[in-house]
Each structure stands twice: as C-alpha cells, then as structure tokens.
Amino acid sequence: RPHYRIAPSILSADFARLGEEVKSVIDAGADWIHFDVMDNHYVPNLTFGPMVCKALRPYAKKADGTAVPIDVHLMISPVDALAAEFADAGADLISFHPDASAHVHRSVQAIKAKGCQVGLVFNPATPLDVLDWVIDDLDLILIMSVNPGFGGQSFIDSALRKLEQARKRIDATGKDIRLEIDGGVKVGNIRQIADAGADTFVAGSAIFNTPDYQAVIAQMRAELA
Ligand code: DX5
Ligand code: ZN
C-alpha cells in the first residue's frame, strides 16, 4: 500500500491571506503545498512567482516545526530561468510541462542541479512518450485531469487510463517516483483515482471552497484507507 500524500492547491485559497491559508491547510493535515504558477502565455491565466513562494516558505511547516514540501507546478514557457528562481525561493519539488521546454532533458538536469526534486507534467491530450528517455531522472510524474489554467474544472476520465500507463512505467523502473494527479479531485472520486495508480493528490476547490479543510482532508484519507 503506497504512502498517499494530499497536496492542497493554494490556487483556490484566499489570495489576500495566503500565509494564513497555508498554515491552516497544514494544520488541517496537508502533506504538501501545491503551488500553481501561471504566466498568461503557456496557460491563459496569471498567478504568482518566486517572490510569493519565498514569502510563503516560512509558513509551510507543521506545528512542531517540520518543513512541509512546496510542490511547484510550473505552467510557464520558457521554463529554465524561472525554475532556478523557484529553487532559490525554497521550492522542494519543481514540475514543468515537457511541451513548454525546448530541451526537456536539460531542464530536468538543471532543476536537479539546484537541489530540487523534479517532475514532468502531462496535459490531457499529451502522450507519455517523452518518458521513454527521461523517466530514470524523475522524482515525480504529474498527470493533468483538467486542462491547466483554472481551478474548479471537472475531472477528465481519460486521465485514469493515463495513470494506469504511467504506473506501469514507474513500476518498470523499480524507482521511487511519485505519481501525482491534478484537476477535479474530490472526496467522491479519490478512491477510483488511487486505484488507477496515483499516490499523490492535488485538490484545490474541493478543499478551499469549503469552510472545514480538516473535514475534507479527513474524508479523503478515509476513502484512501
Ligand atoms: C490547474 C491547476 C490545479 C488546480 C486544481 O491548472 O494545476 O492545481 O488548482 O484545482 P481543482 O482541484 O479545483 O481542480
Ligand atoms: Zn497544479
């Protein structure tokens, strides 16, 4: 049984109180903080950059002081310059879309060289083929179950089949590579998503659009138990 992780996306948090939101969702049981970076170029929306990541870094810790990983999801093109800035801003994991980088292998190595874990992100219509050549270098594979750019969209079912394919590829490496899902994850579908092979679950609106973060996270864990 995998060690499941829940990674609330602060895209759906109250942007006027981001530090407090990070703290509350960690107190409510979040394992990672998912940080969605949008540039109004790769995706038609604009969010936050390395300065905000750096400002939030001190809030991303548990009550006992343990650091909580900041999981940066870059929806930007080009990738390399800003990825390095996120590493300096305290990101723990940095994932990017292979179609957003002219030289995927180079971008992967550059992120690792900065001491961060690295992931590749696959849009709903993007095949996994690039994994043939880089999977051994990855710490994480992120499957998009919505088209990137906005929170609150519904889960695209073909992502389940893609998770199954990604799970097979990961298991064939024998390496510890996390399989993350992002988009439309709710209490009602998380079990099915886990059964398809995911071990790490991003959830934005499902958590932040409710008054009781702790209750939702507990319900998700109960589904996974
Ligand atoms: C979409 C982002 C997601 C988004 C998920 O581009 O990558 O992380 O916040 O939001 P929900 O969980 O509301 O679908
Ligand atoms: Zn995301």
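Leaving aside its neighbours within four places in sequence, L82 is in contact with P50, L74 and I76. Contact here requires C-beta atoms, placed from the backbone, within 7 Å of each other. L82 lies in helix α3. L82 has 20 C-beta neighbours inside 10 Å, so it counts as buried. A residue is buried if 20 or more other C-beta atoms lie within 10 Å of its own, exposed if 12 or fewer, and partly exposed in between, with C-beta atoms placed from the backbone. L82 and G49 are 33 residues apart in sequence, yet 8.3 Å apart in space, C-alpha to C-alpha.

The model is predicted: local features need pLDDT of at least 70, side-chain atom pairs count only at pLDDT 80 or more, and totals for chains, interfaces and linings use all residues. Residues are numbered from 1 along each chain as its sequence is written, while chains are lettered from A and ligands numbered from 1 in the order in which they are written.

An open sheet of 8 strands runs in the order β1-β8-β7-β6-β5-β4-β3-β2, with parallel pairing. β1 (5–8) and β2 (33–38) stand at the edges with a single partner strand each, so one side of each is left without a neighbour in the sheet. Neighbouring strands are turned by 25° against each other on average, direction ignored. Such angles run from 0 to 180 degrees between N-to-C directions, with axes fitted as lines to C-alpha atoms, for helices over the stretch in contact. Strands (E, at least two residues) and helices (H or I, at least four) are DSSP runs, numbered from the N terminus. Two strands pair if DSSP finds at least two bridges between them.

I33 stands opposite I70 in β3, and D36 has H73 as its bridge partner. Of the 6 residues of β2, 6 are buried. In a regular strand the side chains alternate between the two faces of the sheet. In β2, I33, F35 and V37 point one way, and H34, D36 and M38 the other.

The largest nonpolar core has 72 residues. A nonpolar core is a set of buried Ala, Val, Leu, Ile, Met, Phe, Trp, Tyr and Cys residues joined through C-beta atoms within 7 Å. Residues with the most contacts inside this core include V72, L74 and I141. Strand β6 (residues 140–144) gives the core its largest share, 5 residues. Beyond four places in sequence, I141 is in contact with G119, L120, A166, I170, I177 and L179.

Ligand 1 is surrounded by 21 residues, and the closest are S9, P148, G151, G204 and S205. A residue is near a molecule or strand if its C-beta atom, placed from the backbone, lies within 6 Å of it. β2, β8 (200–203) and α8 (205–208) each supply at least two residues of this shell. The shell divides into 7 nonpolar, 12 polar and 2 charged residues. Ala, Val, Leu, Ile, Met, Phe, Trp, Tyr, Cys and Pro count as nonpolar, Asp, Glu, Lys and Arg as charged, and the others, Gly among them, as polar.

Some loop residues complete the description. P78 is in the loop between β3 and α3 (80–88). The peptide bond from S77 to P78 is cis, with omega near -5°. N40 is found between β2 and α2 (50–56). N40 is not a glycine, yet has a positive phi of about 60°. With 12 C-beta neighbours inside 10 Å, N40 counts as exposed.

Technical notes: Contact = placed C-beta atoms within 7 Å.
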